[in-house]
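Trainee: I would like a close look at one part of this protein. Please take me through its pockets.

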Amino acid sequence: MLIDTHVHLNADQYEGEIDDVITRAKEDGVEKFVVIGFDRKTIQRTMDLIEAYDEVYGVIGWHPVDAVDCTDEDLEWIESLADNEKIVAIGEMGLDYHWDKSPKDVQEEVFIKQIELAKRVNLPIVIHNREAEEDAIRILEENDAKTVGGIMHSFHNGTDEQIDRVLDMGFYVSLAGVITFKNAKRPKEVAQYVPLNRLVVETDAPYLTPHPYRGKRNEPKLVRLVAEELAELRGISIEEVEKATTENAKRIYNI
C-alpha cells in the first residue's frame, strides 16, 4: 500500500470526479491521500474533503507565491482549523523565486509566521521551495523548525550538503513524478542519496505527471509510478519502497 503525501484533490481539475479519482487510486494500492490547501478557496475545500472521505487527510497553510495576499486574519483562521484531528500539518509554506508575484521579504515574513503557528499547534510543516533552496533552509534553521519537523515537498534539486542540513533538522524528503523524467539527472541522484527511512512519495497532482503520462492530468493512482522508479533507482523491491515510505508518511503525519 502507498500514501500520496501531497495531492491537490481540491483543485478545479477534479471537480465532480473525486469519487472516481479516489476509487482508481485505491484499486492501485493507494490507501491514504493528504490534500494540501494553500489559500482561502483550497483550504475550505480541504476541510470539506477530510469530512467527506475517511481516507483523506489535510494540510493547510499559505503558498509563498500568494504571500502578498496573506493577512493576519488568514493565519488566525488556519490556526483555528488546525485543531481538527484530520489536519496533519501546516503548509505548504516556503519560498518561490520562480514567480514574481510576492516580494522575497514578504514571502519570508509569511513563512516565518507559519513556522511559529505550527509550533503553537504542535504540527509538522510542509515546505514548498522553488529556486530558493539555500534561503528556505536558512530560514528553517534560524527559526528552529526542527522542533516540529516536516516534509520538504518535491525536494529534487538540493545539493548533498543541503539535504544533509534538512535531514539534521529531522525533515523528510518527498519525491514526485520528476524522478521518472528521462533527463532528470539530479532528481534521480537525490532519490538515491536520501536514506530510505527519510523518504516519502507524492504526486502533487494534478501537476508533475510522471512519465509516460507527461502532458496529461496527474492523479493519485500514479504515485505508484514514483514508487516503482524509486525502487529501480535504489535497486530494491517495490514492496520495500511501499513499506518504508508508508511507514515514514504515517510517522511524520501521525496517522
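How many nonpolar, polar and charged residues are in the lining of the largest pocket?

Mentor: Keep in mind that this is a predicted model. The lining of the largest pocket has nine nonpolar, eleven polar and seven charged residues. The space inside comes to about 760 Å³. In total, 27 residues line this pocket. Closest to its centre are H128, R130, H153, D204 and L208. Now look at the strands. β4, residues 87-96, supplies at least two residues of this lining. So does β5, residues 125-130. The largest share comes from β5, with three residues.

Next, turn to the second largest pocket. Its volume is about 200 Å³. Here 14 residues form the lining, and N122, L123, P124, Y253 and N254 are the closest to the centre.

Finally, a look at two helices. α6 covers residues 160-168, and α7 covers residues 185-193. They pack at an angle of about 40 degrees, with axes 11 Å apart. The two helices are therefore oblique to each other. Their crossing is right-handed. On the α6 side, the contact involves D160, I163 and D164. These meet R186, V190 and Y193 of α7. The residues of this contact divide into three nonpolar, no polar and three charged.

Notes: Residues numbered from 1 in each chain as written. Predicted model: local features only at pLDDT ≥ 70, side-chain atom pairs only at ≥ 80, totals over all residues. Heavy atoms only, no water. 1 Å grid on protein atoms, 1.4 Å probe; cavity = no way out; pocket = protein on both sides within 12 Å on 5 of 7 lines; lining within 4 Å. Points joined across faces, edges and corners; volume = space filled by probe spheres on them. Helix = DSSP H or I, 4+ residues; strand = E, 2+ residues; numbered from the N terminus. Nonpolar A, V, L, I, M, F, W, Y, C, P; charged D, E, K, R; others polar. Axes fitted to C-alpha atoms, helices over the stretch in contact; angles between N-to-C directions. Parallel < 35°, antiparallel > 145°, perpendicular 65-115°, else oblique. Left-handed = near helix turned anticlockwise from the far one by under 90°. Contact = heavy atoms within 4.5 Å.
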